[in-house]
Structure formats: structure tokens, C-alpha cells
Amino acid sequence: MNKRLLYYSEEEAMSRIYRKLLANAHIPEKYLDCTFDNFDTDFMPENAKRAKKMKSFAENIFKVMEIPQSAYLFSYRNGTGKTHIAVATAKLALWQFVKRIYQQNPFKYRRRGNNLNEFNHYAPVFFMSEKNYLWKKKQYRTRNQEVLQEVELIENAIINSDLLIIDDFFKERDTEFTFGELTAWLCQRYDYNKPVIFTSNEDFKIFRPGFEGNPYLETEHYYSATYLYSRIEEMTQGFQFVFDDYKDYREN
Ligand SMILES: Nc1ncnc2c1ncn2[C@@H]1O[C@H](COP(=O)(O)OP(=O)(O)OP(=O)(O)O)[C@@H](O)[C@H]1O
Ligand SMILES: [Mg+2]
């Protein structure tokens, strides 16, 4: 019997696992193709070194998880490639998981007929957007099953994913509800030693205690704001990247 009929090649076997886990990673269609290879480092050359550090973050994901090391990608202006880099990091990190899974039992995964159902609900790497989640979470009275299921999926991932990407952090921060949610997510990740990659148009350092520019100074949200600051500061130390933003790639 031809071996090819019984077994996938190593490459095919790994790529099947990768595709399965990528589908569970909840990355928006629009960003699915983002990689380090197609990130144009000539566009704003200052950001190339930040991209490079995130590449190394992804390549060393198991070390990153052990530390645990989180990252904060920030620029005031839009279109600097923060989400692009966050997704590229997520995908490259996912490859490290795939390699590790494959190596644990190459024959099992090379054997044709293996349906990979064991990974149906496994999302080691997960992408969520703050605004998308908050909006859907507020629809708790809806009968729309898709919305309810997505909320549940994201909630599970906040707790269980090994690497969580929170896109557009602090996008919506003006209500009690939002602060309650954000502090709860951070508490989960921090207490359980799990890394997060944040992208944001807000400099979280303005929430530091006593800072005069803190928009929540002397408001009821002051303690939530300083709590968020203190957690993010500790989690992302060494991986806080301020992206240059004098151009928008979309206007390129
Ligand atoms: N240097 C780059 N090379 C290739 N594509 C890029 C680059 N920078 C941005 N892009 C592309 O431009 C679009 C906008 O980038 P992206 O969404 O990553 O920016 P952002 O910094 O997250 O913006 P925002 O602040 O609005 O969230 C995306 O489609 C992204 O793939
Ligand atoms: Mg973005």
C-alpha cells in the first residue's frame, strides 16, 4: 500500500492542526492575512524594531508564558500597524503550539482519518476586540444565539487562552459597566499569570495615581483607572511600545 494514502506529510499534518487552531483564534477576517513577512518595515522604519521584538515574543511564546510577559502596543493615531503586528504575533505564536502538539505524537497526526475533533474547543491563542465584546455583552437580553454564543466564547477565552490579544483597549471607557469589565479581565489574566497583548490608542500611563492629566482624577472611576494602570504597568514592563504614528498606512 502506498504510504501517501495512509499518512500526511509532516508539513500537511502540522498545517491541518494550525488551520484548526487558527479557526478557533477568533481573528477577524480582515486581519487573517497579517504576518511579519507582509509587514512593510519601510513604511515607518521606526516601527520595525518594535515589530522585531514582537516577532521574538511569538517565537519564544513558552518562555513568555512562563514569565509571564505581556505587551502593550500603543499609538495615538490610527493605521500604524498595531493590530497587524498583534495578529502576526498571535499567528506565529500559534505555530509554536502546533509544533509542540505535533511533536508529542507525530504518527497520530500524520495518520489520515484523524478528524482533530479533540481541538474543537481548544484556543491557546485568542483575539478579541474590546468594543465588539462590550457591545455584544450588553445585548444579554437578546435572543440572537450567535451573539450569546460569541459572548460565551470570549468569556471562556479570557479565562482559558494561553495568549489573549485585546484589540483597541480603552476604546470605550466612559461607563461604570466598561470599567467593571476591563478590571475583571485584567484581574483574571493577572491572577492566573497569563499574558495579554494589548493594542490601544490610549497611553495607559495617564491613569497612574496622582497624575494631573488622569481624566478620572476626583471621579468615582479613579480607583478602577489606577488599578488598571498598576496591573498593565507590571504585566507589560519591558514590552511597552509606542508606535510612531506620523502616517496612516490606509492613506498610503
Ligand atoms: N507597515 C505595514 N505594512 C503592511 N501593512 C500595514 C502596515 N501598517 C498597517 N498595515 C495595514 O494597514 C491596515 C491598518 O493597520 P492596523 O489596523 O494594524 O493599524 P492600527 O495601528 O491597529 O490602527 P488603529 O489605531 O486604527 O487600531 C491593516 O490592514 C494593516 O494590515
Ligand atoms: Mg488596531
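This is a predicted model: local features need pLDDT of at least 70, side-chain atom pairs count only at pLDDT 80 or more; totals for chains, interfaces and linings use all residues.
Buried here means under 20% relative accessible area. In α7, which runs over residues 130-137, the buried residues are E130, Y133, L134 and K136. The cover over these positions includes strands β2 and β3 together with helices α8 (145-160) and α9 (176-191).

Buried along α9 are T178, F179, E181, L182, T183, W185, L186 and R189. An α-helix has 3.6 residues a turn, so residues three or four places apart point the same way. The packing partners of the buried α9 residues are the strands β2, β3 and β4 (196-200) and the helices α7, α8 and α10 (222-236). Just after α9, the backbone at N193 adopts a positive phi of about 55 degrees.

Attention now turns to the nonpolar interior. In soluble globular proteins, nonpolar side chains tend to be buried together. The largest nonpolar core in this model holds 44 residues, and the members that touch the most others are I17, M54 and F57. Two or more residues are given to this core by each of the helices α2 (10-24), α3 (48-59), α4 (61-66) and α5 (82-104), and by each of the strands β1 (71-74), β2 (125-129) and β3 (163-169). Helix α5 supplies the largest share, with 11 residues.

Ligand 1 has 17 residues around it, of which Y31, D40, K82, T83 and H84 come nearest. A polar side-chain atom of K82 sits 2.7 Å from an oxygen atom of ligand 1, and for T83 the distance from a side-chain N or O atom to a ligand oxygen is 2.8 Å. R250 also takes part, with a side-chain N or O atom 3.1 Å from an oxygen atom of ligand 1. On its own, ligand 1 has 620 Å² of accessible area, and the protein covers 89% of it.

Terms used. Residues are numbered from 1 along each chain as its sequence is written. Chains are lettered from A and ligands numbered from 1 in the order in which they are written. Side-chain values use heavy atoms; hydrogens and water are left out. A nonpolar core is a set of buried Ala, Val, Leu, Ile, Met, Phe, Trp, Tyr and Cys residues joined through side-chain atoms within 4.5 Å. Buried means under 20% relative accessible area, exposed over 50%, partly exposed in between (1.4 Å probe, protein chains only). Helices (H or I, at least four residues) and strands (E, at least two) are DSSP runs, numbered from the N terminus. Contact means heavy atoms within 4.5 Å. A residue is near a molecule or strand if one of its heavy atoms lies within 4 Å of it. A polar contact is a pair of N or O atoms within 3.5 Å; within protein, one must be able to donate a hydrogen and the other to accept it, and residues adjacent in sequence count only if both atoms are side-chain atoms. Accessible areas come from the Shrake-Rupley method with a 1.4 Å probe; for residues, only the protein chains shown count as cover.
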